[in-house]
Amino acid sequence: MKWVSHGGILEMGSTEASYQTTPLLDQYFNLKKESPDALLLFRVGDFYEAYGEDAKRLSQALEIVLTGREVRGNRIPMAGVPHHTLENHLKTLLQSGHNVAVSEQLEEAGEAKGLIRREIVRFLTPGTILETGFLNEKEPNYLLALCLEGKNYGLSWCDVSTGMWFLTSIPCQDERLAYEISKIAPKEIVLPEGAPPLKLPHSFQNLKISHSKSREDISIPQHSPMPAVGESACRLLLSYLNKIYCGQLPRLFSPVIQESHQCLVLDPSTQRNLELFRNLASGEREGSLLHLLDETKTPMGARLLRSWLLQPLLDVGEIERRQDGISELLEEPKVHSEIEKGLSGMGDLERLLSRASFGTAHARDLLGMKEILEKLPALLAEVSTLHAPHHQDFVSQMPDLSPLLRLFDRSLHPNPPFTLKEGGLIREGYDEQLDLLNKEIKEALFWVAELEERE
């Protein structure tokens, strides 16, 4: 059943029945046109509400009561959640495969002339999440764009929470496509609008499938030529991200072209039978090969180990290079121990950087970045004593981060608030104009308090 609003008339499903709505419902269904694939949550006072089919989906996903709103003798389905519980409910909705659009009130009730102005300010989909609480720190969160041109598929996938971006092209074969999707393990797949349904194995049936138009005016940062079908997939990926983030693209590295001959092919049944990531009996991570091997100390390391396990190298030279690096660490237990200590407790630098570049990092995120930067010189000094090419490359490629660390020291308050809206993030003495404004605010508050006491 579909609900569409046209100037105060609400059409219900494929039936011919239509009737007058309220201005509020008309506003809701007009916003719904901007996000037909998403479940729209609409701020009304202290609640986020949904109507029509979205209300039914919300009620089912969150297991909350489905109510209704009476409109001139007709009952429209309605469901809602308190505003202070939104983040918890968003996580549940995303885990159940829903795209979500959040509409906010952009003016106070007392300031509005008539109906309060509302707009969609936030889209969330399983493959485009930046919020830390919604992500598994030990796994990447890939969004995969898939295009078919001629006899080849183009695949472009990225993790917006880290900025990692890849692409490849493969022959148009169902088995090969199933393997690639299994290898990437995306949380969401984007197809071109009008594309036929994918023929996927049963194990992929719950995978979120979205659609988007591709835009030719979006530039792709690249350092090497890419196949035409790969470029099409990249444009589709960027077009979808542009829509989700309302024109503000997240920070992505240049796409890395993955060649199929570089790694051993492990099809879905091989991954399952070898219990690489899930125990066959329980279906859980515990008891898998990854669980047995994972002694990593950071989220970045856990994700890298998972990637290595999923894509075993075929190049003997690269295998030996990796082995040389590991052997040297085992032969230098003191250095190994110091590096292990330095990495323990380190935050997720990749995802912190991504949120900071996108402007969604809160004050504690910035402080977390500062704490990681403070640990890096000692780690770098330990690695510098090693001679394997793997370690020397790491040392030579590490930029000088001391200017950034000095900036953090000068500017960040040592005990900042949790959110940016509370103020108090910037250290006193860093910016003269800001110090003056803070002083005027304090004096004004003091004056108001004195006036209140006198009155």
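I started with charges over rings in this predicted model. Arg-306 sits over the face of Phe-277, 4.4 Å from the ring centre. I found a second case in Arg-322, which lies over the face of Trp-308 at 3.6 Å from the ring centre.

Next I looked up ring pairs. My search of the whole structure gave 7 aromatic pairs. One of them is Tyr-28 with Phe-42: the ring centres are 5.3 Å apart and the planes stand at 90°, so I noted the pair as edge-to-face. This pair links distant parts of the chain, with Tyr-28 in helix α1 and Phe-42 in strand β4, 14 residues apart. Both Tyr-28 and Phe-42 are buried.

I then turned to Tyr-245 and Phe-358, whose ring centres are 4.8 Å apart with planes at 70°, so this pair is edge-to-face too. Tyr-245 is in the loop between α5 and β15 while Phe-358 belongs to helix α11, so the pair ties together parts 113 residues apart in sequence. Tyr-245 has 11% relative accessibility, so I count it as buried; Phe-358, at 12%, counts as buried as well.

I also wrote down one aromatic cluster, made of Tyr-28, Phe-29, Phe-42 and Tyr-51.

Gly-359 follows α11 and has a positive phi, near 85°.

My last stop was Lys-370, in helix α12. Its relative accessibility is 14%, so Lys-370 counts as buried. The Lys-370 side chain makes a polar contact with the side chain of Glu-374, at 2.7 Å. Leaving out residues up to four places away in sequence, Lys-370 touches Leu-405, Phe-408, Asp-409 and Leu-412.

Methods
Residues are numbered from 1 along each chain as its sequence is written. This is a predicted model: local features need pLDDT of at least 70, side-chain atom pairs count only at pLDDT 80 or more; totals for chains, interfaces and linings use all residues. Side-chain values use heavy atoms; hydrogens and water are left out. Helices (H or I, at least four residues) and strands (E, at least two) are DSSP runs, numbered from the N terminus. Buried means under 20% relative accessible area, exposed over 50%, partly exposed in between (1.4 Å probe, protein chains only). A polar contact is a pair of N or O atoms within 3.5 Å; within protein, one must be able to donate a hydrogen and the other to accept it, and residues adjacent in sequence count only if both atoms are side-chain atoms. Contact means heavy atoms within 4.5 Å. Rings of Phe, Tyr and Trp (its six-membered ring) pair if their centres lie within 6.5 Å; planes under 30 degrees apart count as stacked, over 60 as edge-to-face and the rest as tilted. A charge sits over a ring if NZ of Lys or CZ of Arg is within 6 Å of the ring centre and within 35 degrees of the ring normal.
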